[in-house]
Every structure is written in structure tokens, then in C-alpha cells.
Amino acid sequence: MNLDTRTPVVQTLGVLEAAALLRELTAGLIALTDFDEALLALVRVTRDAVAGVRWCGFTALRAGEPAGVAASDEGLAGLDDLRHGPDTPAMSAIHRREMILAADLAGEPRWPAWTAHAHDLGVRGVISAPVDIDDQVIGAINLYAAAPDLLTPQHQLTAMLLAEHAGLLLAAVRDRGRQLTLAGERDASLLQDGVVGQAVGVIMTQRGCPPAEALDVLRTAASSLDIPLREVAERLVRTVSRQRDN
């Protein structure tokens, strides 16, 4: 029996490539807390990892905030921003909530101004996939080819998997960023507390460390002694005061 196994092999290779891309993205974004930094890491990793994709960009719409744009190559950043209004592949993907493919931009009628700009920059094909991040942010990831008909159904599958995974990773980045901001606000509030602020000042003097590190020392002591942080601060301040009096 003569079985043609070429298609399954190609599909397997495509799945392996996509899996490698998702692993690399996870490793690159897992510890980030800045959303714009995460977008830049996302588009650069994608550009370098997906065969046939010369450039990659991301368009993000944020409620009550400026739109976010990231481009793997600075010269193509204008393709992902909002200067062309709704008439771009990215905005079509976002508004229609579906993947947009233009394998050959020659004669593409949907986005005339954007297409002309893309053609001038050497772009000949594009895939835009919508990315759901959270209640406040949606976007699209844009894969660009330098020659017509390079973007295949396999690239569409990769874009779909990429969009799903990127949405989860970027949501986690935003959550970590929010938690970091809240922690900073809590720290600022604690430092304004009289006795805690005094204790932090004592530790800073003793150790020559910044306020945040001194506050961490207090937190560690409170955790080790299993008593409230304020009580640790009061004990430290009393001890130092007695030493000064003596």
C-alpha cells in the first residue's frame, strides 16, 4: 500500500512550530508587569519564530486610555496605529471579531489607503487575528509577509493559537501591573503611618537601604514573629528610643 504521508508531516511540523512559539512567548512574558513592554516582546518573538513572517505588529484598544501599538520593526509602526481609522486589517479583525487574511495585497480593495502605505513599506500579505485581553482591552496581532501568497492556512492556524495564548499572557501582565500598583499604594500609605514610617527610617539608617527594602525587612520580621507589622514597628521604635535615652 502506497500512503502519501506528506500532509500529516507538514501539519505535525506546523504544530511543533506553534508549540515552540507559545513556549517562547510564555517564557518571555511570564514575569513582565508593563503592558507596552509585553507587547513589544510579543511581536519580536513572533517575528523571529514564525517562518514566512517578515514583520509583526499589535494594535491594542484600551478603554479610557490611548491606543497601544507595538511593531517588531520601528519602520512599520504606522501600519498598526490608528492613523488610517477603521480601514485597516487590524481594525477589521477587532470590529468583526474574526481573523482577516489578505494573502496578496495587490488589488486589495478593502483598505485602499492602508494598502498603499503597506505596499510602499514592502508588505505584500497580512493576517490580522483579534485578541481578547480583558474587559478593558482588546486588540489584534498582525503578521506581515514580504511576498504574496506566503501566508498559508498553517499561518492562519498559528495566528489563531497565538491570539488565544497572547490574550491570556497579556491579561496576566495587566493583572500583575495592577497588583504592583496597588502594592505601591499600600506601601506609600504605610510609610505615611507615623510609627511605621519611624521604624522604616531606623532600618534605613542602620542598613543604608531604600524605603521599600526597609519596609520589606519589617514585613519579614512580622511574618517570622507572627505579629502585626505595626506592632513590630512599635517595638523597634521603643527599643531605639530606650537606647537613645540611656
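This is a predicted model: local features need pLDDT of at least 70, side-chain atom pairs count only at pLDDT 80 or more; totals for chains, interfaces and linings use all residues.

Student: How many salt bridges does a search of the whole structure find?

Tutor: Twelve salt bridges turn up.

Student: Let's take Asp 48. Which residue does it form a salt bridge with?

Tutor: Its partner is Arg 47, with the closest N and O atoms 2.9 Å apart.

Student: And is Asp 48 buried or exposed?

Tutor: Asp 48 counts as exposed, at 58% relative accessibility. Arg 47 is partly exposed, with a relative accessible area of 21%.

Student: OK, on to Asp 175 and Arg 178. How far apart are their closest N and O atoms?

Tutor: They are 3.8 Å apart in that salt bridge. Both residues sit in helix α5 (residues 153-192), and because they are three residues apart there, about one helical turn separates them. Asp 175 is partly exposed at 36% relative accessibility, and Arg 178 is partly exposed at 39%.

Student: Which residues are joined with them into one network?

Tutor: Asp 134 and Arg 174 join Asp 175 and Arg 178, through salt bridges that share partners.

Student: Switching topic: where is Asp 80 found?

Tutor: Asp 80 lies in the loop between β2 (68-71) and α3 (89-96). This residue is buried yet has no salt bridge. Arg 83 is the nearest side chain of opposite charge, and it is 9.6 Å away.

Student: So which side chain does Asp 80 have a polar contact with?

Tutor: That would be Tyr 144, at 2.7 Å. Leaving aside residues up to four places away in sequence, Asp 80 also touches others, including Phe 58, Ala 70 and Asn 142.

Student: Phe 58 stands opposite which residue in β2?

Tutor: Ala 70. Strands β1 and β2 pair in the antiparallel sense, over four bridges.

Student: And how many bridges join β1 to β5?

Tutor: Eight, with the two strands running antiparallel. Tyr 144 comes back here: in β5, this residue stands opposite Trp 55.

Student: Why is β1 described as largely enclosed?

Tutor: Because seven of the eight residues of β1 (residues 55-62) are buried, the strand is largely enclosed by the rest of the structure.

Terms used
Residues are numbered from 1 along each chain as its sequence is written. Side-chain values use heavy atoms; hydrogens and water are left out. A salt bridge is a side-chain nitrogen of Lys or Arg within 4 Å of a carboxyl oxygen of Asp or Glu. Buried means under 20% relative accessible area, exposed over 50%, partly exposed in between (1.4 Å probe, protein chains only). Lys and Arg count as positive and Asp and Glu as negative; His and the chain ends are not counted. A polar contact is a pair of N or O atoms within 3.5 Å; within protein, one must be able to donate a hydrogen and the other to accept it, and residues adjacent in sequence count only if both atoms are side-chain atoms. Contact means heavy atoms within 4.5 Å. Two strands pair if DSSP finds at least two bridges between them.
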